[in-house]
Amino acid sequence: MQKTIINSDDYTLLDFLKSDEPDPFAKAQPFYGYIEDLRRKGRYSYHRVVTTACTNKTTVLDPDRGGERRVLVMNSNNYLGLNTRPEVIQAAHEALMHYGSGLCGSRFLSGTYDLVVELEKRLAVFEETEAAVVFTTGYQANVATISALMRPGDIIFIDRLSHASVVDGCRVAGCAYRTYRHNDPDSLRRLMGRYAGRYRGKLVVAEGIFSMDGDMAPLPEIVEIAEEFGARIMVDEAHATGVVGPHGQGTVDFYDLHGRVDIVLGTFSKSLAATGGFVATSKEVANYIRHYGRAYMFTASPVPSTIAAVTAALEIMQREPALRERLWENIRYFSSRLKEAGFDIYPDPPQSAIITVKIGADAIVHAMSKRLFEEGVLMSTVVYPAVSPDEGRLRLSLSARHSRADLDRAVDVLSAAARSFEVAGMAGAART
Ligand SMILES: Cc1ncc(COP(=O)(O)O)c(C=O)c1O
């Protein structure tokens, strides 16, 4: 194969989406060169190879210097730090010994573990609904649920910054979907007014906490508008479960909207420290999804050790509100330290365990990320096309497992990097 030399400075991900070549694989070759060039320049911060448990710290392979490197983790959604709790590991271990590693089939055809049935009961109690359905991933929970319920001739309204799994659910459903301006109820009302009477079934899918920036949706207004137009409402609580609300149930709990939201979606990959997802809803809707949700039916059952780990994590999450309090202490402490250091954070004040720090041009974000890694801190980069080219940012996630020393170190390393790359607004902070 001919080698393609690409200077990554001249391209973005958008440049490799399409190609004029008849061979559908043709675009893969220049894209390979693009990623190789990013790697050579030390700007490729994805797919890091992790070699130990990921808590407040972990160990990763160092692609530049070789060998392993112990790093501070500021980019995991392990909000309550439950993935290494002895009770969680013990439950997973026992399930593995009892059931083996997997069912090797779908829940629909090959059988549903009693462990899953029990977890569904507990999730329904936790969410105060009649029923819950467990899925192998949170992504599938969105795709299966939305596409099972919505049909051509129906319409879905979603926020412009909705998660890919919400968008893909709309695509698979094959019905119309329209996006309203981010967190703008007036935009939703205008849009629903414009399409009133033109479609049959209506569904609004809101995200309680947005995955990129960690900001919270104005859910009371969204629910009110959905009710006004006779639409069903579904709320994705992926980043809110275990973090937000007096009982950790999420934004529905935070705003006390119990009983006014038709479907609540959650994932096991964040506070619940494993993989998988669920929806909590009425028994009729749950039953319908089990028989028409293709991403539920035509995929393998979750593995028993994961289900046992999630059940144990859910129990701890409910039993120990102190974990959530600890997380919020960390969020408050860290955000105030970032602001003292001169950083422009969003949202301000934080509304979840996700905080973004505005940096500027993509090149500076990449350079900062490289420096942070060299100093032993992992943070996620958010660059074009996810945001405008000059609005690159770092996305940080907090955990109850972080100590004050961890958070101080993250701020110190970030401040030093921002000073050396002359991040806008950081000049004053250079002398602190
Ligand atoms: C808002 C939101 N919904 C759904 C998902 C999908 O969940 P999972 O990664 O557990 O499949 C995510 C994952 O990041 C998410 O952020």
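Into which domains is the protein chain divided? The chain splits into domain 1 (41-73 + 322-431) and domain 2 (84-319), with bounds taken from an automatic or database domain assignment. The model is predicted: local features need pLDDT of at least 70 and side-chain atom pairs count only at pLDDT 80 or more, while totals for chains, interfaces and linings use all residues. Residues are numbered from 1 along each chain as its sequence is written.

The protein chain holds 15 helices and 14 strands; these are DSSP runs numbered from the N terminus, helices being H or I of at least four residues and strands E of at least two. The radius of gyration, taken over C-alpha atoms, is 22 Å, close to the 22 Å that the globule rule gives for 432 residues, so the chain is as compact as a globular protein of that length. That rule is 2.2 Å times the number of residues to the power 0.38. Along its principal axes the C-alpha trace spans about 60 × 50 × 50 Å. Of the 432 residues, 45% count as buried, meaning that 20 or more other C-beta atoms, placed from the backbone, lie within 10 Å of the residue's own.

The C-alpha centres of domain 1 and domain 2 are 29 Å apart. Where the domains meet, 16 residues of domain 1 are in contact with 13 residues of domain 2, a contact being two C-beta atoms, placed from the backbone, within 7 Å. On the side of domain 1 that touches domain 2, α13 (321-340) and β11 (354-360) each supply at least two residues, and β11 gives the most, with three. The residues of this side divide into ten nonpolar, four polar and two charged. Here Ala, Val, Leu, Ile, Met, Phe, Trp, Tyr, Cys and Pro count as nonpolar, Asp, Glu, Lys and Arg as charged, and the others, Gly among them, as polar.

The ligand is surrounded by 14 residues, the closest being G138, S211, A238, T267 and S269; a residue is included if its C-beta atom, placed from the backbone, lies within 6 Å. Helix α5 (residues 138-149) gives the largest share of this shell, three residues. The shell divides into two nonpolar, ten polar and two charged residues.

β1 and β2 (residues 68-73) pair in the antiparallel sense over five bridges. The bridge partner of V60 in β2 is R69.

Conventions: Buried ≥ 20, exposed ≤ 12 C-beta atoms within 10 Å, placed from the backbone. Pairing = 2+ DSSP bridges.
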